[in-house]
Amino acid sequence: MHPVDLAIIVVYLAAMPAVGVLVGRRQRSAADYFIGERSLPWWAVCFSIVATETSTLTVISTPGLIWAASGSYNGLTYLQLPFGYIIGRTLVSFVLLPRYFKGRQSTAYQYLGERFGSVMQGVSSIAFIVTRLLAEGVRLFAGAIPIQVILTHYGLHTQYWQIVVVLTALTVIYALVGGIKAVVWVDVIQLTVYVGAAVVAAIVLATKLPSGWASRASDAGIFRVFDFNFDGLHLLTSQYAFLTAVVGGAIFTMASHGTDQLIVQRFLACRSIADGRKALIGSGIAVTIQFALFLLIGAMLWAHNGFRNLKELGVKSSDDIFTNFITSELPVGVAGLLIAAILASTMGALASALNALSNSTVADLYERFTKRKPEDSKLLRHGRIWTLVWAVVFAVFGSLFSSRNNPVIEQGLSITGYTYGAMLGAFFLGLMIKRARQLDAVIAFVVTVAVMAVVVLAVKIPPAPGAKPVVLAFPWYTLLGVLITLLVGGLLSLRHRSPAPSAKPEVSSPAA
């Protein structure tokens, strides 16, 4: 590795914890630690949401989505998914967000506690914790994969667990001391770094392209955005089908950005409902622009690699295409910047998970089940203790993997399919079915998780006689889970003759 690239990476790794500690070193209360005393500007929260949902594999993999494994091309059809995100986040901002701002809530699951009871709040919080532990722990390990490939190329031979431990240790420094303020402001810097690095990489790549590449890409379908194939099997199994991406993506993001504490905690740190809406809807627009940038890089890489498909390129995975370009063809300084950007995306997602898990553990489990409200200084201490505990758990969990071919990785990455539908369904059950009680909600939640586990792990759809079975496209998992929850919870609620005492008609507040 060139000394300039190494210097950029070292300075970045040292600077991020320092900036985080500097920004958040004056935490005086648990509310400040978890939701920043609702004082953060909406644009910073918006960027933090985008950085939180962006992983190392997003940066590395998105350019490769241009290619299809079959030897054809997906083009820009992945952009349909963030179109659905914008719709889903707009719905969340008007349906769920006002309910979070009605009280002084710090987690998404306190609403379920008020509507159904402490058991339902605890069940949903535990589901969130397990989901985040598996999804973020595996994502931390998955993020170490391209980092190890890049470091090996430059002669630095490392083990996956070493990368996991170093990244976790650096991240926990500012997450532990600075709380949500440190996490948000470091996220803003990290998003700036990886988007800026991607723009620089695109500019460098543009200087290497043959003339007439854009017209050739258009003829090959590389710039195709919409997939209007409405064949039933295609809609069920392809995430690139228009209805699957837009409708399924909208429902998926309603769960991920409306019921997952990882994101809900962000907009609860905004100054008002109006700011929360701008942050949430703005994040959908920003993610769409971000995906467009990385997919454009993919189109340029297609031209740079001789207009060839995956089989002709001879690569194991489309993920390798951008990685190879970073390590082999970027000039000195730019390569170091992009590697720092990859580290940034991993650290940002981890820091967000640590703070959200700590928040939910304290507010949804400790306070709810001890039925005590300790003094604020004690809650702040508990928050920091649990941040450290979850950091150790993540480091251990991520270090357990030694092979990128471990089937547990695939299960971990699809874990949201088990729980997101149950989470969003529980919220809809509380809002739509007034007779539903806590036991109805808990049973519906557990049944949904169990059914979705079978769907994710075991249900296969044969595309044609003799063909290899395929799975249901992931955007449909959340919608299916919501329907199961509402069906089971709704049927159980028929046992009751009157609305639940907690399901009183709501009076709109001026703030909403």
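**Exercise 1. A helix pair**

List the residues in α12 that meet α20, with their partners, then classify the contact and describe the packing geometry of the two helices.

Solution. 

Step 1. On the α12 side, Ile 251, Phe 252, Met 254, Ala 255 and Ser 256 take part, and they meet Thr 416, Tyr 420, Leu 424 and Phe 428 in α20. Contact means heavy atoms within 4.5 Å.

Step 2. Sorted by class, this contact of α12 with α20 holds seven nonpolar residues, two polar ones and no charged ones. Ala, Val, Leu, Ile, Met, Phe, Trp, Tyr, Cys and Pro count as nonpolar, Asp, Glu, Lys and Arg as charged, and the others, Gly among them, as polar.

Step 3. The model is a predicted one, in which local features need pLDDT of at least 70 and side-chain atom pairs count only at pLDDT 80 or more, while totals for chains, interfaces and linings use all residues. Residues are numbered from 1 along each chain as its sequence is written, and side-chain values use heavy atoms, with hydrogens and water left out.

Step 4. Two packed helices are described by the angle between their axes and the distance between the axes. Helix α12 covers residues 242-258 and helix α20 residues 416-432; their angle is about 80 degrees and their axes lie 9 Å apart. Axes are lines fitted to C-alpha atoms, for helices over the stretch in contact, and angles run from 0 to 180 degrees between N-to-C directions.

Step 5. The two helices, α12 and α20, are therefore roughly perpendicular to each other. The cut-offs are under 35 degrees for roughly parallel, over 145 for roughly antiparallel, 65 to 115 for roughly perpendicular, and oblique for the rest.

Step 6. Phe 252, from the α12 side of this contact, also has its C-alpha atom 7.3 Å from that of Leu 479, although 227 residues separate the two along the chain. Leu 479 belongs to helix α22 (residues 475-493) and is partly exposed, with a relative accessible area of 25%. Buried means under 20% relative accessible area, exposed over 50%, and partly exposed in between (1.4 Å probe, protein chains only).

**Exercise 2. The chain as a whole**

Solution. 

Step 1. Helices (H or I, at least four residues) and strands (E, at least two) are DSSP runs, numbered from the N terminus.

**Exercise 3. The largest cavity**

State the volume of the largest cavity, its lining residues and the helix that gives the largest share of the lining.

Solution. 

Step 1. On a 1 Å grid over the protein atoms alone, a cavity is a set of points where a 1.4 Å probe fits but cannot get out; lining residues have an atom within 4 Å of a point. Grid points are joined across faces, edges and corners, and a volume is the space filled by probe spheres set on the points.

Step 2. The count is one cavity of 30 Å³ or more, and the volume of the largest cavity is about 60 Å³.

Step 3. Its lining consists of Ser 55, Thr 56, Glu 136, Arg 139, Leu 140, Ser 345, Thr 346, Ala 349 and Leu 350. By class, three are nonpolar, four polar and two charged.

Step 4. Helices α8 (118-153) and α17 (334-370) each supply at least two of the lining residues. The largest share, four residues, is from α17.

**Exercise 4. Two loop residues**

Locate Phe 307 and Ser 318, and decide for each whether it is buried or exposed.

Solution. 

Step 1. Phe 307 sits in the loop between α14 (273-304) and α15 (310-313). With 17% relative accessibility, Phe 307 counts as buried.

Step 2. Most residues other than glycine have a negative phi. Phe 307 has a positive phi, near 60 degrees.

Step 3. Ser 318 lies in the loop between α15 and α16 (319-329). Ser 318 counts as buried at 15% relative accessibility.

Step 4. Residues up to four places away in sequence aside, Ser 318 touches Gly 64 and Leu 310. From Ser 318 to Pro 63 the C-alpha distance is 8.2 Å, across 255 residues of sequence.

Definitions and conventions:
On a 1 Å grid over the protein atoms alone, a cavity is a set of points where a 1.4 Å probe fits but cannot get out, and a pocket is an open set with protein on both sides within 12 Å along at least five of seven lines; lining residues have an atom within 4 Å of a point.
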